[in-house]
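Visitor: I have a structure to read and I am new to this. Where do we begin?

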Amino acid sequence: MTPKTSTSARSLDDFLTASAALTGFDAFDLHGTGMAGLYHRTALEQVGGPAVGRFLDALDAAGGDPDGITDEAARDIARAIAHMWYLGVWPQLAAPVHTALGRERANTAFTVSPEAYAEGLVWRTFDGHPAGAKPPGFGTWADPPPGAPAVPRAGERTSGLPGPREAGP
(Lines give C-alpha, C1' and ligand atoms only; values in the text may rest on other atoms or scores of the structure.)
Protein backbone atom coordinates (compact mmCIF):
# COMPACT_ATOMS: atom_id res chain seq x y z
CA MET A 1 0.00 0.00 0.00
CA THR A 2 1.34 3.41 -0.95
CA PRO A 3 1.22 6.04 1.81
CA LYS A 4 -0.75 9.20 1.17
CA THR A 5 1.18 12.24 0.16
CA SER A 6 0.27 15.85 0.74
CA THR A 7 -0.83 16.11 -2.88
CA SER A 8 -3.33 13.24 -2.74
CA ALA A 9 -4.50 14.24 0.75
CA ARG A 10 -6.18 17.38 -0.56
CA SER A 11 -9.17 15.59 -2.06
CA LEU A 12 -12.65 16.45 -0.87
CA ASP A 13 -13.07 12.92 0.54
CA ASP A 14 -9.92 13.29 2.64
CA PHE A 15 -11.06 16.71 3.80
CA LEU A 16 -14.44 15.27 4.84
CA THR A 17 -12.78 12.38 6.69
CA ALA A 18 -10.59 14.85 8.58
CA SER A 19 -13.57 17.13 9.22
CA ALA A 20 -15.50 14.21 10.69
CA ALA A 21 -12.64 13.60 13.13
CA LEU A 22 -12.62 17.30 14.06
CA THR A 23 -16.37 17.77 14.47
CA GLY A 24 -17.73 14.45 15.68
CA PHE A 25 -20.24 14.39 12.81
CA ASP A 26 -19.86 11.71 10.15
CA ALA A 27 -18.86 12.56 6.59
CA PHE A 28 -22.40 11.85 5.35
CA ASP A 29 -23.88 14.50 7.67
CA LEU A 30 -21.15 16.98 6.79
CA HIS A 31 -21.69 16.46 3.07
CA GLY A 32 -25.44 16.84 3.67
CA THR A 33 -24.98 20.43 4.83
CA GLY A 34 -24.14 21.37 1.26
CA MET A 35 -21.06 23.21 2.51
CA ALA A 36 -18.37 20.54 2.02
CA GLY A 37 -17.00 21.77 -1.31
CA LEU A 38 -17.09 25.42 -0.27
CA TYR A 39 -15.38 24.72 3.06
CA HIS A 40 -12.72 22.62 1.34
CA ARG A 41 -12.02 25.44 -1.15
CA THR A 42 -12.01 28.01 1.66
CA ALA A 43 -9.40 26.07 3.65
CA LEU A 44 -7.24 25.70 0.54
CA GLU A 45 -7.55 29.42 -0.27
CA GLN A 46 -6.85 30.58 3.27
CA VAL A 47 -3.83 28.47 4.20
CA GLY A 48 -2.73 27.01 0.87
CA GLY A 49 -2.80 23.50 -0.53
CA PRO A 50 0.56 22.41 0.90
CA ALA A 51 -0.45 23.48 4.44
CA VAL A 52 -3.80 21.66 4.19
CA GLY A 53 -1.90 18.59 2.95
CA ARG A 54 0.53 18.81 5.90
CA PHE A 55 -2.42 19.13 8.29
CA LEU A 56 -4.10 16.06 6.79
CA ASP A 57 -0.81 14.14 6.95
CA ALA A 58 -0.35 15.17 10.62
CA LEU A 59 -3.88 13.99 11.42
CA ASP A 60 -3.16 10.65 9.70
CA ALA A 61 0.11 10.34 11.66
CA ALA A 62 -1.87 10.96 14.87
CA GLY A 63 -4.12 8.02 14.03
CA GLY A 64 -7.04 10.30 13.14
CA ASP A 65 -7.07 11.83 16.64
CA PRO A 66 -6.90 15.65 16.46
CA ASP A 67 -5.54 15.76 20.02
CA GLY A 68 -2.49 13.84 18.78
CA ILE A 69 -1.41 16.56 16.34
CA THR A 70 1.79 18.12 17.64
CA ASP A 71 2.60 20.61 14.84
CA GLU A 72 1.41 24.10 15.86
CA ALA A 73 0.35 25.11 12.35
CA ALA A 74 -1.56 21.87 11.77
CA ARG A 75 -3.33 22.28 15.15
CA ASP A 76 -4.37 25.83 14.26
CA ILE A 77 -5.63 24.72 10.85
CA ALA A 78 -7.62 21.97 12.60
CA ARG A 79 -9.10 24.58 14.95
CA ALA A 80 -10.01 26.83 12.02
CA ILE A 81 -11.68 24.03 10.07
CA ALA A 82 -13.73 22.91 13.10
CA HIS A 83 -14.69 26.54 13.78
CA MET A 84 -15.80 26.92 10.17
CA TRP A 85 -17.99 23.80 10.31
CA TYR A 86 -19.68 24.80 13.54
CA LEU A 87 -20.19 28.53 13.01
CA GLY A 88 -19.80 29.09 9.26
CA VAL A 89 -16.95 31.53 9.94
CA TRP A 90 -13.31 31.16 9.00
CA PRO A 91 -11.51 32.45 12.13
CA GLN A 92 -8.37 34.50 12.42
CA LEU A 93 -5.33 32.23 12.61
CA ALA A 94 -2.80 32.55 15.41
CA ALA A 95 -0.33 35.26 14.38
CA PRO A 96 2.75 32.97 14.48
CA VAL A 97 0.97 30.39 12.34
CA HIS A 98 -0.17 32.97 9.80
CA THR A 99 3.38 34.31 9.63
CA ALA A 100 4.88 30.82 9.28
CA LEU A 101 2.50 30.00 6.43
CA GLY A 102 3.73 33.06 4.55
CA ARG A 103 0.30 33.77 3.13
CA GLU A 104 -0.46 37.09 1.49
CA ARG A 105 -4.14 36.94 2.46
CA ALA A 106 -5.29 39.11 5.34
CA ASN A 107 -5.53 37.23 8.62
CA THR A 108 -9.12 38.16 9.42
CA ALA A 109 -12.24 36.26 10.36
CA PHE A 110 -15.08 36.23 7.83
CA THR A 111 -18.38 34.49 7.20
CA VAL A 112 -17.78 31.95 4.46
CA SER A 113 -21.17 32.43 2.76
CA PRO A 114 -24.72 33.51 3.61
CA GLU A 115 -25.75 29.84 3.82
CA ALA A 116 -22.92 29.00 6.22
CA TYR A 117 -24.76 30.54 9.20
CA ALA A 118 -27.87 28.44 8.62
CA GLU A 119 -25.88 25.24 8.00
CA GLY A 120 -23.59 25.61 11.02
CA LEU A 121 -23.24 22.44 13.05
CA VAL A 122 -23.80 24.42 16.24
CA TRP A 123 -27.57 24.26 15.66
CA ARG A 124 -27.54 20.47 15.34
CA THR A 125 -25.71 20.01 18.64
CA PHE A 126 -28.77 21.09 20.62
CA ASP A 127 -31.59 20.50 18.11
CA GLY A 128 -31.83 24.26 17.64
CA HIS A 129 -32.72 26.37 14.66
CA PRO A 130 -30.86 29.39 13.29
CA ALA A 131 -32.96 32.47 13.98
CA GLY A 132 -34.45 33.91 10.84
CA ALA A 133 -33.09 31.17 8.60
CA LYS A 134 -34.76 27.82 9.28
CA PRO A 135 -37.90 28.28 11.32
CA PRO A 136 -38.94 25.10 13.16
CA GLY A 137 -42.66 25.46 12.37
CA PHE A 138 -45.72 27.00 13.96
CA GLY A 139 -46.28 26.13 17.60
CA THR A 140 -43.11 24.13 18.06
CA TRP A 141 -41.99 26.66 20.67
CA ALA A 142 -44.67 25.25 22.99
CA ASP A 143 -42.87 21.94 23.43
CA PRO A 144 -39.43 21.35 24.91
CA PRO A 145 -36.68 20.39 22.48
CA PRO A 146 -36.00 16.68 22.00
CA GLY A 147 -34.18 15.23 24.99
CA ALA A 148 -34.91 18.18 27.30
CA PRO A 149 -36.52 17.46 30.68
CA ALA A 150 -40.23 18.15 30.89
CA VAL A 151 -41.12 21.52 32.35
CA PRO A 152 -44.40 21.74 34.27
CA ARG A 153 -46.96 23.99 32.63
CA ALA A 154 -48.77 26.71 34.55
CA GLY A 155 -51.18 25.21 37.06
CA GLU A 156 -49.68 21.71 36.94
CA ARG A 157 -48.38 20.20 40.16
CA THR A 158 -45.11 18.40 40.36
CA SER A 159 -44.41 16.15 43.30
CA GLY A 160 -42.22 17.79 45.87
CA LEU A 161 -42.67 21.30 44.47
CA PRO A 162 -45.26 23.83 45.66
CA GLY A 163 -48.12 24.66 43.29
CA PRO A 164 -48.50 28.10 41.71
CA ARG A 165 -50.30 29.68 44.71
CA GLU A 166 -48.90 27.58 47.52
CA ALA A 167 -46.18 28.73 49.84
CA GLY A 168 -43.12 26.62 50.34
CA PRO A 169 -42.50 24.68 53.58
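Guide: With the largest pocket. This is a predicted model. About 170 Å³ of space lies in its largest pocket.

Visitor: Which residues line the largest pocket?

Guide: The lining consists of D127, H129, P136, T140, W141, D143, P144, P145 and P146.

Visitor: Now the helices. What span does α5 reach from its first C-alpha to its last?

Guide: Helix α5 covers residues 72-87, which is 16 residues. Its span is 22 Å, close to the 22 Å expected at 1.5 Å a residue. Look just past the end of α5: G88 has a positive phi of about 75°.

Visitor: Which residues of α5 are buried?

Guide: They are A73, A74, D76, I77, A78, A80, I81, A82, M84 and W85. Take W85: its relative accessibility is 0%, so W85 counts as buried.

Visitor: How do I read aromatic pairs?

Guide: A pair of aromatic rings is described by the distance of the centres and the angle of the planes. The whole structure holds four such pairs. In one of them, the ring centres of Y39 and W85 are 4.8 Å apart. Their planes meet at 85°, and over 60 counts as edge-to-face, so this pair is edge-to-face.

Visitor: Why does the pair tie together separate parts of the sequence?

Guide: Y39 sits in helix α3 (residues 36-47) and W85 in helix α5, so the pair links parts that are 46 residues apart in sequence. Y39 also has 0% relative accessibility, so Y39 counts as buried.

Visitor: Which residues form an aromatic cluster?

Guide: Y117, W123 and F126 form one.

How values were computed
Residues are numbered from 1 along each chain as its sequence is written. This is a predicted model: local features need pLDDT of at least 70, side-chain atom pairs count only at pLDDT 80 or more; totals for chains, interfaces and linings use all residues. Side-chain values use heavy atoms; hydrogens and water are left out. Helices (H or I, at least four residues) and strands (E, at least two) are DSSP runs, numbered from the N terminus. The expected span of a helix is 1.5 Å times one less than its number of residues. Buried means under 20% relative accessible area, exposed over 50%, partly exposed in between (1.4 Å probe, protein chains only). On a 1 Å grid over the protein atoms alone, a cavity is a set of points where a 1.4 Å probe fits but cannot get out, and a pocket is an open set with protein on both sides within 12 Å along at least five of seven lines; lining residues have an atom within 4 Å of a point. Grid points are joined across faces, edges and corners, and a volume is the space filled by probe spheres set on the points. Rings of Phe, Tyr and Trp (its six-membered ring) pair if their centres lie within 6.5 Å; planes under 30 degrees apart count as stacked, over 60 as edge-to-face and the rest as tilted.
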